[in-house]
Amino acid sequence: MKATRAIITAQNEKWAMIAAQTMTGFATSVIACGCEAGIERVLSPDETPDGRAGVSVMIFAMGGKGLAKQLETRAGQCVLTSPTSALFAGIDGGIRIPLGKNLRYFGDGFQIAKKISGKRYWRIPVMDGEFLAEATTGQVDAVGGGNFLVLAKSQPQALAACEAAIEAMRKMPNVIMPFPGGVVRSGSKVGSKYKTLNASTNDAFCPTLKGATKTDLSPNIESVMEIVIDGLSKEDIDNAMRVGIQAVCDLGAENGIERISAGNYGGKLGPFHFHLQEIMA
Amino acid sequence: MSALTFTLKTQPVQRVDMSPLVCQQLQGLSIADIAALELHSGKRKFRVDELFTIDGSDAQNIVIKNSIEKLDFIGKELDGGTITVEGDAGAYLAMSMKTGEIKVSGNAGLYAACEMKNGYLEVSGNVGDFLGAALPGNKMGMKGGIILVKGNAGQRVGDHLRRGLILIEGNAGDYCGSRMTAGTIAVMGSTGRYLGYAMRRGTLLLWNAPQLSASFNDCGAHTLAFLPILFSSFKSLNSKFADASVAFNRVQRYAGDMAEIGQGEVLVKR
(Lines give C-alpha, C1' and ligand atoms only; values in the text may rest on other atoms or scores of the structure.)
Protein backbone atom coordinates (compact mmCIF):
# COMPACT_ATOMS: atom_id res chain seq x y z
CA MET A 1 0.00 0.00 0.00
CA LYS A 2 0.94 3.64 -0.27
CA ALA A 3 0.41 6.11 2.53
CA THR A 4 0.60 9.78 3.28
CA ARG A 5 0.12 12.01 6.27
CA ALA A 6 -1.30 15.52 6.49
CA ILE A 7 -1.47 17.94 9.40
CA ILE A 8 -4.64 19.97 9.79
CA THR A 9 -4.59 23.01 12.02
CA ALA A 10 -7.35 25.41 12.96
CA GLN A 11 -8.27 28.16 15.37
CA ASN A 12 -8.74 25.54 18.09
CA GLU A 13 -8.68 21.77 18.53
CA LYS A 14 -12.43 21.54 18.06
CA TRP A 15 -12.28 22.87 14.51
CA ALA A 16 -9.10 21.01 13.62
CA MET A 17 -10.84 17.81 14.71
CA ILE A 18 -13.97 18.64 12.73
CA ALA A 19 -11.90 19.09 9.57
CA ALA A 20 -9.94 15.90 10.29
CA GLN A 21 -13.05 13.83 10.95
CA THR A 22 -14.67 15.12 7.78
CA MET A 23 -11.56 14.43 5.71
CA THR A 24 -11.25 10.88 7.00
CA GLY A 25 -14.94 10.06 6.75
CA PHE A 26 -16.16 7.25 4.44
CA ALA A 27 -12.65 5.81 4.35
CA THR A 28 -12.94 2.51 6.18
CA SER A 29 -11.83 0.12 3.47
CA VAL A 30 -10.11 0.36 0.12
CA ILE A 31 -12.63 -2.17 -1.17
CA ALA A 32 -15.35 0.43 -1.66
CA CYS A 33 -14.06 3.76 -0.33
CA GLY A 34 -10.97 4.14 -2.50
CA CYS A 35 -8.78 4.60 0.54
CA GLU A 36 -8.47 3.94 4.24
CA ALA A 37 -8.02 7.00 6.38
CA GLY A 38 -8.01 7.92 10.00
CA ILE A 39 -6.88 10.31 12.66
CA GLU A 40 -3.43 9.46 13.95
CA ARG A 41 -3.37 11.84 16.91
CA VAL A 42 -4.04 15.33 18.21
CA LEU A 43 -1.08 17.70 17.99
CA SER A 44 -0.27 20.42 20.49
CA PRO A 45 0.40 23.94 19.15
CA ASP A 46 4.17 23.52 19.56
CA GLU A 47 4.07 20.48 17.26
CA THR A 48 2.33 22.20 14.34
CA PRO A 49 3.94 24.39 11.65
CA ASP A 50 1.78 27.43 12.36
CA GLY A 51 1.65 27.12 16.16
CA ARG A 52 -2.07 26.39 16.30
CA ALA A 53 -3.90 23.31 17.55
CA GLY A 54 -3.74 20.48 15.04
CA VAL A 55 -4.63 16.95 14.11
CA SER A 56 -2.51 14.46 12.19
CA VAL A 57 -4.37 12.33 9.65
CA MET A 58 -3.13 9.43 7.54
CA ILE A 59 -4.49 8.09 4.27
CA PHE A 60 -3.69 4.68 2.78
CA ALA A 61 -4.50 3.47 -0.73
CA MET A 62 -3.54 0.60 -2.99
CA GLY A 63 -1.56 2.78 -5.43
CA GLY A 64 0.11 6.17 -5.66
CA LYS A 65 -2.32 7.61 -8.20
CA GLY A 66 -5.34 6.61 -6.17
CA LEU A 67 -3.79 8.01 -3.03
CA ALA A 68 -3.05 11.35 -4.67
CA LYS A 69 -6.59 11.57 -6.02
CA GLN A 70 -8.16 10.74 -2.66
CA LEU A 71 -5.92 13.21 -0.85
CA GLU A 72 -6.71 16.00 -3.25
CA THR A 73 -10.49 15.52 -3.28
CA ARG A 74 -10.70 15.07 0.47
CA ALA A 75 -8.46 18.08 1.14
CA GLY A 76 -10.46 20.17 -1.31
CA GLN A 77 -13.92 19.21 -0.09
CA CYS A 78 -13.29 18.73 3.61
CA VAL A 79 -10.35 20.87 4.75
CA LEU A 80 -10.42 23.81 2.35
CA THR A 81 -14.09 24.22 3.26
CA SER A 82 -13.62 23.94 7.02
CA PRO A 83 -13.49 27.29 8.88
CA THR A 84 -10.06 28.60 9.94
CA SER A 85 -8.26 25.47 8.71
CA ALA A 86 -4.75 25.18 7.30
CA LEU A 87 -3.12 22.10 5.79
CA PHE A 88 0.50 20.98 6.01
CA ALA A 89 2.62 18.04 4.96
CA GLY A 90 3.03 15.31 7.55
CA ILE A 91 5.83 13.45 5.76
CA ASP A 92 8.90 15.35 4.60
CA GLY A 93 10.54 12.58 2.59
CA GLY A 94 9.10 10.15 0.08
CA ILE A 95 7.60 10.86 -3.32
CA ARG A 96 5.99 14.28 -3.37
CA ILE A 97 2.26 14.32 -4.12
CA PRO A 98 0.05 17.39 -4.39
CA LEU A 99 -1.54 18.76 -1.23
CA GLY A 100 -2.32 22.41 -1.91
CA LYS A 101 -0.59 22.43 -5.28
CA ASN A 102 -3.80 22.00 -7.27
CA LEU A 103 -6.21 23.40 -4.68
CA ARG A 104 -4.59 26.74 -5.41
CA TYR A 105 -6.67 27.10 -8.56
CA PHE A 106 -9.68 27.65 -6.31
CA GLY A 107 -8.05 31.05 -5.75
CA ASP A 108 -9.00 32.00 -9.31
CA GLY A 109 -5.77 33.87 -9.90
CA PHE A 110 -5.70 35.62 -6.52
CA GLN A 111 -3.69 32.80 -4.88
CA ILE A 112 -0.19 33.63 -3.66
CA ALA A 113 2.78 31.25 -3.40
CA LYS A 114 5.33 31.62 -0.62
CA LYS A 115 8.47 29.54 -0.44
CA ILE A 116 9.67 29.43 3.16
CA SER A 117 12.67 27.36 4.28
CA GLY A 118 12.55 25.33 1.08
CA LYS A 119 8.85 24.52 1.36
CA ARG A 120 6.25 26.04 -0.92
CA TYR A 121 2.98 27.18 0.56
CA TRP A 122 -0.14 28.42 -1.18
CA ARG A 123 -2.24 31.20 0.27
CA ILE A 124 -5.73 30.87 -1.16
CA PRO A 125 -8.16 33.70 -0.44
CA VAL A 126 -11.44 32.37 1.00
CA MET A 127 -14.43 34.00 2.62
CA ASP A 128 -13.16 33.63 6.20
CA GLY A 129 -9.69 34.95 5.37
CA GLU A 130 -6.96 32.86 3.81
CA PHE A 131 -6.59 29.10 3.45
CA LEU A 132 -2.93 28.19 3.83
CA ALA A 133 -1.82 24.88 2.34
CA GLU A 134 1.61 23.39 1.83
CA ALA A 135 2.08 22.53 -1.83
CA THR A 136 3.01 18.88 -1.42
CA THR A 137 3.29 16.11 1.10
CA GLY A 138 5.21 12.83 1.06
CA GLN A 139 3.98 9.47 -0.17
CA VAL A 140 5.68 6.39 1.27
CA ASP A 141 5.30 2.62 1.06
CA ALA A 142 3.12 1.29 3.85
CA VAL A 143 1.35 -1.77 5.18
CA GLY A 144 -2.42 -2.18 5.41
CA GLY A 145 -4.85 -4.67 6.82
CA GLY A 146 -3.13 -5.85 9.99
CA ASN A 147 -5.93 -7.23 12.16
CA PHE A 148 -6.95 -9.21 15.15
CA LEU A 149 -10.29 -10.56 16.36
CA VAL A 150 -11.70 -10.34 19.85
CA LEU A 151 -13.94 -13.30 20.72
CA ALA A 152 -16.13 -12.70 23.75
CA LYS A 153 -19.00 -14.23 25.68
CA SER A 154 -21.30 -11.28 24.91
CA GLN A 155 -21.61 -8.34 22.55
CA PRO A 156 -21.14 -5.67 25.29
CA GLN A 157 -18.02 -7.46 26.52
CA ALA A 158 -16.56 -7.68 23.01
CA LEU A 159 -17.16 -3.99 22.45
CA ALA A 160 -15.74 -2.96 25.84
CA ALA A 161 -12.58 -4.95 25.12
CA CYS A 162 -12.21 -3.36 21.68
CA GLU A 163 -12.69 0.11 23.14
CA ALA A 164 -9.90 -0.59 25.63
CA ALA A 165 -7.67 -1.85 22.82
CA ILE A 166 -8.35 1.20 20.63
CA GLU A 167 -7.64 3.58 23.49
CA ALA A 168 -4.23 1.96 23.96
CA MET A 169 -3.48 1.71 20.24
CA ARG A 170 -4.28 5.37 19.55
CA LYS A 171 -1.24 6.29 21.61
CA MET A 172 1.02 4.48 19.14
CA PRO A 173 2.63 6.46 16.29
CA ASN A 174 2.35 5.83 12.55
CA VAL A 175 -0.85 3.77 12.67
CA ILE A 176 -4.55 4.30 12.11
CA MET A 177 -7.53 2.09 12.78
CA PRO A 178 -9.79 3.17 9.90
CA PHE A 179 -13.11 1.57 10.84
CA PRO A 180 -15.86 3.27 12.91
CA GLY A 181 -14.37 3.97 16.31
CA GLY A 182 -11.52 1.71 15.19
CA VAL A 183 -13.71 -1.40 15.44
CA VAL A 184 -15.24 -3.65 12.74
CA ARG A 185 -18.24 -5.80 13.54
CA SER A 186 -18.57 -7.15 10.00
CA GLY A 187 -15.28 -8.83 9.23
CA SER A 188 -15.20 -10.28 5.75
CA LYS A 189 -13.83 -13.27 3.95
CA VAL A 190 -12.53 -13.27 0.41
CA GLY A 191 -15.19 -14.16 -2.20
CA SER A 192 -18.92 -14.81 -2.13
CA LYS A 193 -21.53 -17.13 -3.52
CA TYR A 194 -22.66 -14.11 -5.53
CA LYS A 195 -20.38 -13.58 -8.53
CA THR A 196 -20.53 -9.77 -8.33
CA LEU A 197 -19.11 -9.64 -4.82
CA ASN A 198 -15.44 -10.16 -4.05
CA ALA A 199 -15.94 -10.11 -0.28
CA SER A 200 -18.70 -11.31 1.99
CA THR A 201 -19.46 -11.94 5.65
CA ASN A 202 -16.92 -14.03 7.53
CA ASP A 203 -19.46 -16.79 8.30
CA ALA A 204 -16.93 -18.88 10.24
CA PHE A 205 -16.89 -16.12 12.88
CA CYS A 206 -20.60 -15.24 12.83
CA PRO A 207 -22.03 -16.45 16.15
CA THR A 208 -25.57 -16.87 14.83
CA LEU A 209 -24.26 -19.35 12.22
CA LYS A 210 -22.48 -21.65 14.67
CA GLY A 211 -24.80 -24.51 13.76
CA ALA A 212 -25.26 -23.62 10.11
CA THR A 213 -21.72 -23.33 8.72
CA LYS A 214 -18.20 -24.57 9.34
CA THR A 215 -17.65 -22.41 12.37
CA ASP A 216 -14.46 -21.32 14.09
CA LEU A 217 -16.35 -20.44 17.26
CA SER A 218 -16.78 -22.45 20.42
CA PRO A 219 -20.30 -22.68 21.86
CA ASN A 220 -19.73 -20.05 24.57
CA ILE A 221 -18.73 -17.28 22.14
CA GLU A 222 -21.59 -14.95 21.35
CA SER A 223 -19.84 -12.00 19.71
CA VAL A 224 -16.71 -11.31 17.64
CA MET A 225 -15.24 -7.92 16.74
CA GLU A 226 -12.21 -7.05 14.67
CA ILE A 227 -9.64 -4.29 14.84
CA VAL A 228 -7.94 -3.41 11.55
CA ILE A 229 -4.64 -1.53 11.57
CA ASP A 230 -2.84 0.33 8.78
CA GLY A 231 0.69 1.50 9.46
CA LEU A 232 3.76 2.97 7.87
CA SER A 233 5.72 -0.24 8.52
CA LYS A 234 5.19 -3.80 9.71
CA GLU A 235 6.94 -2.89 12.97
CA ASP A 236 4.48 -0.05 13.58
CA ILE A 237 1.58 -2.48 13.15
CA ASP A 238 3.30 -5.09 15.32
CA ASN A 239 3.67 -2.54 18.10
CA ALA A 240 0.07 -1.36 17.85
CA MET A 241 -1.25 -4.93 17.80
CA ARG A 242 0.84 -5.79 20.84
CA VAL A 243 -0.58 -3.00 22.99
CA GLY A 244 -4.09 -3.59 21.67
CA ILE A 245 -4.06 -7.32 22.38
CA GLN A 246 -2.47 -6.68 25.76
CA ALA A 247 -5.28 -4.28 26.65
CA VAL A 248 -7.84 -6.93 25.73
CA CYS A 249 -5.99 -9.63 27.64
CA ASP A 250 -5.76 -7.38 30.69
CA LEU A 251 -9.57 -7.51 30.85
CA GLY A 252 -9.29 -11.29 30.77
CA ALA A 253 -11.75 -14.12 31.11
CA GLU A 254 -13.53 -12.49 34.03
CA ASN A 255 -14.71 -9.81 31.58
CA GLY A 256 -15.87 -12.36 29.04
CA ILE A 257 -12.83 -12.48 26.79
CA GLU A 258 -12.54 -16.00 25.45
CA ARG A 259 -9.97 -15.83 22.70
CA ILE A 260 -7.91 -13.59 20.38
CA SER A 261 -7.72 -14.63 16.75
CA ALA A 262 -7.08 -13.02 13.38
CA GLY A 263 -8.38 -13.11 9.85
CA ASN A 264 -5.56 -14.84 7.99
CA TYR A 265 -7.33 -15.51 4.69
CA GLY A 266 -5.36 -18.70 4.24
CA GLY A 267 -2.15 -16.66 4.36
CA LYS A 268 -2.83 -15.53 0.78
CA LEU A 269 -3.94 -11.93 1.29
CA GLY A 270 -0.96 -9.59 1.06
CA PRO A 271 2.77 -10.04 1.52
CA PHE A 272 2.85 -9.33 5.27
CA HIS A 273 1.87 -11.92 7.87
CA PHE A 274 1.33 -10.94 11.49
CA HIS A 275 1.78 -13.97 13.70
CA LEU A 276 0.06 -13.08 16.94
CA GLN A 277 2.10 -15.37 19.14
CA GLU A 278 5.35 -13.90 17.77
CA ILE A 279 4.06 -10.36 18.27
CA MET A 280 3.12 -11.08 21.89
CA ALA A 281 6.30 -13.06 22.63
CA MET B 1 42.70 23.36 7.68
CA SER B 2 42.71 27.09 8.19
CA ALA B 3 40.65 29.43 6.06
CA LEU B 4 42.18 30.60 2.80
CA THR B 5 42.81 34.23 3.71
CA PHE B 6 43.47 37.15 1.36
CA THR B 7 44.75 40.21 3.22
CA LEU B 8 44.75 43.36 1.10
CA LYS B 9 48.22 44.84 1.36
CA THR B 10 47.96 47.78 -1.01
CA GLN B 11 45.26 50.26 -1.94
CA PRO B 12 44.46 49.77 -5.64
CA VAL B 13 43.95 52.96 -7.63
CA GLN B 14 41.23 51.43 -9.79
CA ARG B 15 38.43 49.04 -8.85
CA VAL B 16 39.36 45.36 -8.76
CA ASP B 17 37.37 42.49 -10.24
CA MET B 18 37.46 39.80 -7.52
CA SER B 19 35.35 37.25 -9.42
CA PRO B 20 38.18 34.69 -9.85
CA LEU B 21 38.52 34.35 -6.07
CA VAL B 22 35.51 32.12 -5.38
CA CYS B 23 35.59 28.76 -3.63
CA GLN B 24 34.83 26.52 -6.60
CA GLN B 25 37.56 28.07 -8.75
CA LEU B 26 40.26 27.87 -6.07
CA GLN B 27 39.52 24.31 -4.99
CA GLY B 28 42.58 22.12 -5.53
CA LEU B 29 44.92 24.98 -6.44
CA SER B 30 48.18 25.48 -4.59
CA ILE B 31 49.06 28.80 -2.97
CA ALA B 32 51.46 29.41 -5.85
CA ASP B 33 48.70 28.78 -8.40
CA ILE B 34 46.35 31.11 -6.56
CA ALA B 35 49.06 33.78 -6.26
CA ALA B 36 49.57 33.64 -10.02
CA LEU B 37 45.89 34.21 -10.88
CA GLU B 38 45.20 37.55 -12.54
CA LEU B 39 42.75 40.13 -11.28
CA HIS B 40 41.54 42.89 -13.59
CA SER B 41 41.74 46.43 -12.29
CA GLY B 42 40.86 49.12 -14.76
CA LYS B 43 42.93 48.45 -17.85
CA ARG B 44 45.62 46.62 -15.88
CA LYS B 45 45.97 43.09 -14.59
CA PHE B 46 47.49 42.25 -11.22
CA ARG B 47 48.69 38.94 -9.88
CA VAL B 48 46.74 38.07 -6.73
CA ASP B 49 49.91 38.24 -4.65
CA GLU B 50 50.56 41.78 -5.87
CA LEU B 51 47.41 42.91 -4.06
CA PHE B 52 47.00 40.35 -1.30
CA THR B 53 48.98 38.40 1.23
CA ILE B 54 47.74 34.81 1.00
CA ASP B 55 47.49 32.48 3.99
CA GLY B 56 45.70 29.24 4.78
CA SER B 57 44.54 26.48 2.50
CA ASP B 58 40.81 25.76 2.92
CA ALA B 59 39.35 27.00 -0.36
CA GLN B 60 35.82 26.25 0.86
CA ASN B 61 36.28 28.87 3.54
CA ILE B 62 37.65 32.13 2.14
CA VAL B 63 38.36 35.24 4.23
CA ILE B 64 39.11 38.62 2.68
CA LYS B 65 40.75 40.93 5.21
CA ASN B 66 41.20 44.72 5.02
CA SER B 67 38.57 44.73 2.31
CA ILE B 68 37.61 48.08 0.80
CA GLU B 69 34.75 49.33 -1.36
CA LYS B 70 36.87 49.05 -4.52
CA LEU B 71 36.75 45.26 -4.47
CA ASP B 72 33.92 44.41 -6.88
CA PHE B 73 32.31 41.08 -7.82
CA ILE B 74 33.23 39.35 -4.55
CA GLY B 75 31.57 35.91 -4.56
CA LYS B 76 30.35 36.18 -8.15
CA GLU B 77 28.58 32.93 -9.11
CA LEU B 78 29.69 31.36 -5.82
CA ASP B 79 28.71 27.70 -5.92
CA GLY B 80 29.17 26.40 -2.37
CA GLY B 81 31.52 27.32 0.45
CA THR B 82 31.73 30.49 2.51
CA ILE B 83 33.32 33.88 1.96
CA THR B 84 33.84 36.21 4.89
CA VAL B 85 34.65 39.83 4.08
CA GLU B 86 36.27 41.82 6.86
CA GLY B 87 35.65 45.40 5.86
CA ASP B 88 33.62 46.80 2.98
CA ALA B 89 32.68 45.12 -0.29
CA GLY B 90 32.38 46.86 -3.63
CA ALA B 91 29.70 46.62 -6.27
CA TYR B 92 28.14 43.38 -7.53
CA LEU B 93 28.78 41.49 -4.30
CA ALA B 94 27.36 37.93 -4.57
CA MET B 95 26.20 38.57 -8.12
CA SER B 96 24.50 35.45 -9.58
CA MET B 97 25.51 33.48 -6.48
CA LYS B 98 24.31 29.86 -6.83
CA THR B 99 24.71 28.54 -3.31
CA GLY B 100 26.92 29.06 -0.28
CA GLU B 101 27.27 31.85 2.23
CA ILE B 102 28.80 35.32 2.13
CA LYS B 103 29.15 37.57 5.17
CA VAL B 104 30.36 41.15 5.05
CA SER B 105 31.27 42.98 8.25
CA GLY B 106 31.12 46.43 6.65
CA ASN B 107 29.10 48.02 3.86
CA ALA B 108 28.43 46.81 0.32
CA GLY B 109 28.04 48.78 -2.89
CA LEU B 110 25.66 48.82 -5.82
CA TYR B 111 23.89 45.75 -7.15
CA ALA B 112 24.67 43.50 -4.19
CA ALA B 113 23.20 40.03 -4.78
CA CYS B 114 21.93 41.07 -8.18
CA GLU B 115 20.41 38.08 -9.99
CA MET B 116 21.35 35.87 -7.03
CA LYS B 117 20.04 32.33 -7.53
CA ASN B 118 20.35 30.84 -4.06
CA GLY B 119 22.44 30.90 -0.91
CA TYR B 120 22.78 33.37 1.93
CA LEU B 121 24.21 36.89 2.00
CA GLU B 122 24.62 38.87 5.19
CA VAL B 123 25.79 42.47 5.26
CA SER B 124 26.35 43.99 8.68
CA GLY B 125 26.49 47.56 7.37
CA ASN B 126 24.61 49.36 4.63
CA VAL B 127 24.13 48.37 1.00
CA GLY B 128 23.88 50.52 -2.11
CA ASP B 129 21.14 50.74 -4.69
CA PHE B 130 19.66 47.79 -6.59
CA LEU B 131 20.04 45.18 -3.84
CA GLY B 132 18.89 41.82 -5.26
CA ALA B 133 17.88 43.48 -8.49
CA ALA B 134 18.24 42.57 -12.15
CA LEU B 135 21.19 43.90 -14.10
CA PRO B 136 20.31 46.83 -16.39
CA GLY B 137 18.27 45.57 -19.33
CA ASN B 138 17.51 42.21 -17.73
CA LYS B 139 14.02 41.29 -16.61
CA MET B 140 14.71 38.93 -13.75
CA GLY B 141 16.43 39.86 -10.50
CA MET B 142 17.14 37.64 -7.52
CA LYS B 143 15.63 34.16 -8.01
CA GLY B 144 16.17 32.56 -4.60
CA GLY B 145 18.07 32.58 -1.33
CA ILE B 146 18.15 34.97 1.60
CA ILE B 147 19.71 38.43 1.92
CA LEU B 148 20.05 39.97 5.37
CA VAL B 149 21.08 43.62 5.66
CA LYS B 150 21.60 44.91 9.18
CA GLY B 151 21.97 48.51 8.12
CA ASN B 152 20.12 50.51 5.50
CA ALA B 153 19.59 49.75 1.82
CA GLY B 154 19.65 52.16 -1.07
CA GLN B 155 17.09 52.67 -3.79
CA ARG B 156 15.41 50.02 -5.95
CA VAL B 157 15.73 47.17 -3.46
CA GLY B 158 14.54 44.00 -5.22
CA ASP B 159 13.97 45.60 -8.60
CA HIS B 160 12.53 42.80 -10.80
CA LEU B 161 12.79 40.41 -7.83
CA ARG B 162 11.59 36.96 -8.93
CA ARG B 163 11.84 34.83 -5.79
CA GLY B 164 13.68 34.76 -2.46
CA LEU B 165 13.77 36.78 0.70
CA ILE B 166 15.34 40.18 1.39
CA LEU B 167 15.46 41.23 5.05
CA ILE B 168 16.47 44.77 5.96
CA GLU B 169 16.81 45.73 9.60
CA GLY B 170 17.24 49.42 8.77
CA ASN B 171 15.62 51.65 6.19
CA ALA B 172 15.07 51.13 2.47
CA GLY B 173 15.30 53.86 -0.14
CA ASP B 174 12.90 54.93 -2.87
CA TYR B 175 11.31 52.45 -5.26
CA CYS B 176 11.71 49.55 -2.84
CA GLY B 177 10.25 46.44 -4.51
CA SER B 178 9.84 48.13 -7.86
CA ARG B 179 8.80 45.86 -10.73
CA MET B 180 8.79 42.81 -8.45
CA THR B 181 7.54 39.63 -10.09
CA ALA B 182 7.36 37.69 -6.80
CA GLY B 183 9.34 37.11 -3.61
CA THR B 184 9.37 38.81 -0.23
CA ILE B 185 11.05 41.98 1.05
CA ALA B 186 10.81 42.77 4.76
CA VAL B 187 11.87 46.20 6.05
CA MET B 188 11.95 46.97 9.76
CA GLY B 189 12.80 50.63 9.31
CA SER B 190 11.26 53.20 7.03
CA THR B 191 10.73 53.00 3.29
CA GLY B 192 11.06 55.75 0.71
CA ARG B 193 8.79 57.04 -2.00
CA TYR B 194 7.22 54.93 -4.76
CA LEU B 195 7.17 51.76 -2.69
CA GLY B 196 6.33 48.74 -4.87
CA TYR B 197 6.29 50.82 -8.05
CA ALA B 198 4.93 48.61 -10.86
CA MET B 199 5.16 45.48 -8.76
CA ARG B 200 3.24 42.54 -10.26
CA ARG B 201 3.23 39.99 -7.44
CA GLY B 202 5.20 39.47 -4.22
CA THR B 203 5.07 40.72 -0.67
CA LEU B 204 6.47 43.85 0.98
CA LEU B 205 6.38 43.29 4.73
CA LEU B 206 6.77 46.47 6.75
CA TRP B 207 7.00 47.39 10.39
CA ASN B 208 6.25 51.07 9.74
CA ALA B 209 3.49 52.65 7.71
CA PRO B 210 4.76 53.59 4.23
CA GLN B 211 3.95 56.44 1.90
CA LEU B 212 1.87 54.53 -0.63
CA SER B 213 1.02 55.48 -4.18
CA ALA B 214 -2.60 55.91 -5.23
CA SER B 215 -2.32 52.66 -7.17
CA PHE B 216 -2.29 50.57 -3.96
CA ASN B 217 -5.72 49.72 -2.58
CA ASP B 218 -6.51 49.07 1.07
CA CYS B 219 -7.81 45.50 1.65
CA GLY B 220 -8.34 45.95 5.38
CA ALA B 221 -6.81 44.43 8.51
CA HIS B 222 -6.18 40.69 8.59
CA THR B 223 -4.56 37.92 10.61
CA LEU B 224 -2.53 35.90 8.12
CA ALA B 225 -1.64 32.27 8.81
CA PHE B 226 1.58 32.24 6.79
CA LEU B 227 3.26 34.96 8.86
CA PRO B 228 4.05 32.79 11.92
CA ILE B 229 5.67 30.26 9.59
CA LEU B 230 7.66 32.99 7.88
CA PHE B 231 8.83 34.45 11.19
CA SER B 232 9.73 31.05 12.59
CA SER B 233 11.98 30.54 9.56
CA PHE B 234 14.02 33.56 10.75
CA LYS B 235 14.89 31.94 14.09
CA SER B 236 18.26 30.64 12.93
CA LEU B 237 19.38 34.06 11.66
CA ASN B 238 21.84 36.27 13.49
CA SER B 239 19.44 39.17 13.29
CA LYS B 240 16.73 41.22 14.92
CA PHE B 241 14.37 39.26 12.67
CA ALA B 242 15.05 36.17 14.82
CA ASP B 243 13.67 37.91 17.90
CA ALA B 244 10.19 36.52 18.62
CA SER B 245 9.12 39.90 19.99
CA VAL B 246 9.33 41.54 16.55
CA ALA B 247 7.05 38.94 14.95
CA PHE B 248 3.42 39.66 14.16
CA ASN B 249 0.57 38.11 12.24
CA ARG B 250 -1.90 40.99 12.25
CA VAL B 251 -1.44 43.30 9.28
CA GLN B 252 -3.05 45.98 7.17
CA ARG B 253 -3.06 44.61 3.63
CA TYR B 254 -2.72 46.80 0.55
CA ALA B 255 -3.03 45.27 -2.93
CA GLY B 256 -1.05 46.65 -5.83
CA ASP B 257 0.40 47.91 -7.99
CA MET B 258 -2.99 48.37 -9.65
CA ALA B 259 -1.22 50.15 -12.48
CA GLU B 260 0.25 46.70 -13.15
CA ILE B 261 -1.58 43.39 -12.60
CA GLY B 262 -2.17 44.24 -8.94
CA GLN B 263 -1.41 40.85 -7.44
CA GLY B 264 1.31 42.12 -5.15
CA GLU B 265 0.75 43.14 -1.58
CA VAL B 266 2.09 45.50 1.03
CA LEU B 267 1.58 44.15 4.54
CA VAL B 268 2.02 46.66 7.34
CA LYS B 269 2.24 45.64 10.98
CA ARG B 270 -0.80 46.72 13.00
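Mentor: The domain assignment divides chain A of this predicted model into domain 1 (2-141) and domain 2 (143-280). The C-alpha centres of domain 1 and domain 2 of chain A are 30 Å apart. To the contact between these two domains of chain A, domain 1 contributes 12 residues and domain 2 contributes 10 residues. On the side of domain 1 of chain A that touches domain 2 of chain A, β2 (36-43) and β3 of chain A each supply at least two residues. The largest share of that side comes from β2(A), with five residues. Sorted by class, the side of domain 1 of chain A that touches domain 2 of chain A comprises seven nonpolar, two polar and three charged residues.

The nonpolar core may be considered next. The largest nonpolar core has 165 residues, and the members that touch the most others are A:Ile8, A:Val150, B:Ala113 and B:Leu131. Strand β3 of chain A, residues 53-61, gives the most to this core, namely seven residues. Because domain 1 (2-141) and domain 2 (143-280) of chain A both give residues to this core, it lies between them.

β10(A) pairs with strand β14 of chain A (residues 223-231) in the antiparallel sense, over eight bridges. Within this pairing, A:Val143 has A:Gly231 of β14(A) as its bridge partner. β10(A) is also joined to strand β15 of chain A (residues 257-261), again antiparallel, by four bridges. Here A:Leu151 stands opposite A:Arg259 in β15(A).

The description now turns to the other chain. Chain B places 10 residues in contact with 13 residues of chain A. In chain B, β15 (217-223) and α4 (226-232) each supply at least two residues of the side that touches chain A. The element that gives the most to this side is α4(B), with four residues. By class, the side of chain B that touches chain A has six nonpolar residues, three polar residues and one charged residue.

Five bridges connect β15(B) with strand β16 of chain B (residues 250-256), and the two strands run antiparallel. Across this pairing, B:Asp218 faces B:Tyr254 in β16(B). Strand β17 of chain B (residues 264-269) pairs with β16(B) in the antiparallel sense over six bridges. There, B:Tyr254 has B:Val266 in β17(B) as its bridge partner.

B:Asp55 belongs to strand β5 of chain B (residues 52-55). With 14 other C-beta atoms within 10 Å, B:Asp55 is partly exposed. B:Asp55 and B:Thr5 are 50 residues apart in sequence, yet their C-alpha atoms are 5.0 Å apart in space.

Conventions: Residues are numbered from 1 along each chain as its sequence is written. Chains are lettered from A and ligands numbered from 1 in the order in which they are written. This is a predicted model: local features need pLDDT of at least 70, side-chain atom pairs count only at pLDDT 80 or more; totals for chains, interfaces and linings use all residues. A nonpolar core is a set of buried Ala, Val, Leu, Ile, Met, Phe, Trp, Tyr and Cys residues joined through C-beta atoms within 7 Å. A residue is buried if 20 or more other C-beta atoms lie within 10 Å of its own, exposed if 12 or fewer, and partly exposed in between; C-beta atoms are placed from the backbone. Domain bounds come from an automatic or database domain assignment. Two residues are in contact if their C-beta atoms, placed from the backbone, lie within 7 Å. Ala, Val, Leu, Ile, Met, Phe, Trp, Tyr, Cys and Pro count as nonpolar, Asp, Glu, Lys and Arg as charged, and the others, Gly among them, as polar. Two strands pair if DSSP finds at least two bridges between them.
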